[in-house]
Amino acid sequence: GSGLVYTSGHVSRGSDGEIIAGKLGSDISVDEGYEASKQTALDLLGSIKAEIGDLDRVTRVVKILCMVNCTPDFGQQPAVANGASDLLVEVFGEIGKHSRSAVGMTALPGNACVEVEAIVEISP
């Protein structure tokens, strides 16, 4: 049978490991948020690989949750979350297509602009 892997939330970090901080709607553009969520999805894949040994074991990306640190009037959470979604489909193709929630938050740890978590199905 297959199993599910649930990741913890990963906050947006640059290639230097530093948190990509700021709020969408004031400090961070939608394009920057898209790139930050894409990078966060890459970090998520690194954690999944460390846990299961080989990403070839992933049989389906089931769901992701993308939390966006934003101002109360910001409404483009899906456009930011597309960075993570697009990366997963780029990596996995058809099995990378997933259900998703993209939500706005008042604050995230370390003032990160984005936090992403995932549920993936894996083969034994």
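# Group meeting: strands, core and salt bridges

N111 lies in the loop between β4 (99–105) and β5. I start there for its backbone. N111 is not a glycine, yet its phi is positive, at about 60 degrees. Most residues other than glycine have a negative phi. N111 is also partly exposed, at 37% relative accessibility. Keep in mind that this is a predicted model.

Now move along to β5 itself.

Which strands pair with β5? Let me take them in turn, starting with β1. Strand β1, residues 3–6, runs antiparallel to β5 and is joined to it by 4 bridges. Within that pairing, L4 has E121 as its bridge partner. Next is β2, residues 10–11. β2 and β5 pair in the antiparallel sense, over 2 bridges. Here V11 is partnered by E115. Then comes β3, residues 58–69. 9 bridges join β3 to β5, again antiparallel. In β5, E117 stands opposite L65.

In a regular strand the side chains alternate between the two faces of the sheet. Have that in mind as you look down β5.

Stay with E121 for a moment. E121 forms a salt bridge with R60, and the closest N and O atoms are 3.7 Å apart. E121 lies in strand β5 and R60 in strand β3, so the pair ties together parts that are 61 residues apart in sequence. Is E121 buried or exposed? At 19% relative accessibility E121 counts as buried, because the cut-off is under 20%. R60 is partly exposed, at 38%.

How many salt bridges does the structure hold? There are 3. Another one joins the side chains of E90 and K38, at 3.9 Å from N to O. E90 sits in helix α2, residues 77–92, and K38 in helix α1, residues 30–52, so this pair links parts 52 residues apart in sequence. E90 is exposed, with a relative accessible area of 57%. K38 is partly exposed, at 22%. There is also K97 with E94. Their closest N and O atoms are 3.2 Å apart. E94 is exposed, at 59% relative accessible area.

On to helix α1. α1 has 23 residues. From first C-alpha to last, α1 reaches 33 Å, close to the 33 Å expected at 1.5 Å a residue. Which residues of α1 are buried? They are G33, A36, S37, T40, A41, L44, L45, I48 and I52. What covers them includes β1, β2, β3, α2 and β5.

Pick out S37. This residue is in helix α1. S37 is buried, at 0% relative accessibility. Its side chain reaches the backbone oxygen of V80 at 2.6 Å. Leaving out residues up to four places away in sequence, S37 touches C66, V80, A81, G83, A84 and V114.

What follows α1? G53 does, and its phi is positive, near 95 degrees. Further on is D54, in the loop between α1 and β3. D54 is partly exposed, at 35% relative accessibility. D54 and G96 are 42 residues apart in sequence, and their C-alphas are 15 Å apart in space.

Last topic, the core. The largest nonpolar core has 29 residues. Which of its members touch the most other members? L24 and V58 do. α1, β3, α2 and β5 each supply at least two residues of this core. In soluble globular proteins, nonpolar side chains tend to be buried together.

Look at V58 on your screens. Setting aside neighbours within four places in sequence, V58 is in contact with I48, I52, F92, I95, V120, E121 and I122. I48 and I52 are among the buried residues of α1. E121 is the residue that forms the salt bridge with R60. E121 is also the bridge partner of L4.

To recap. β5 pairs antiparallel with β1, with β2 and with β3. The cover over the buried residues of α1 includes β5. That is the tour. Questions, please.

Conventions: Residues numbered from 1 in each chain as written. Predicted model: local features only at pLDDT ≥ 70, side-chain atom pairs only at ≥ 80, totals over all residues. Heavy atoms only, no water. Pairing = 2+ DSSP bridges. Salt bridge = Lys/Arg side-chain N within 4 Å of Asp/Glu carboxyl O. Buried < 20%, exposed > 50% of the residue type's maximum accessible area, 1.4 Å probe, protein only. Core = buried A, V, L, I, M, F, W, Y, C linked by side-chain atoms within 4.5 Å. Contact = heavy atoms within 4.5 Å. Polar contact = N/O pair within 3.5 Å; in protein donor to acceptor, adjacent residues only side chain to side chain. Expected span 1.5 Å × (residues − 1).
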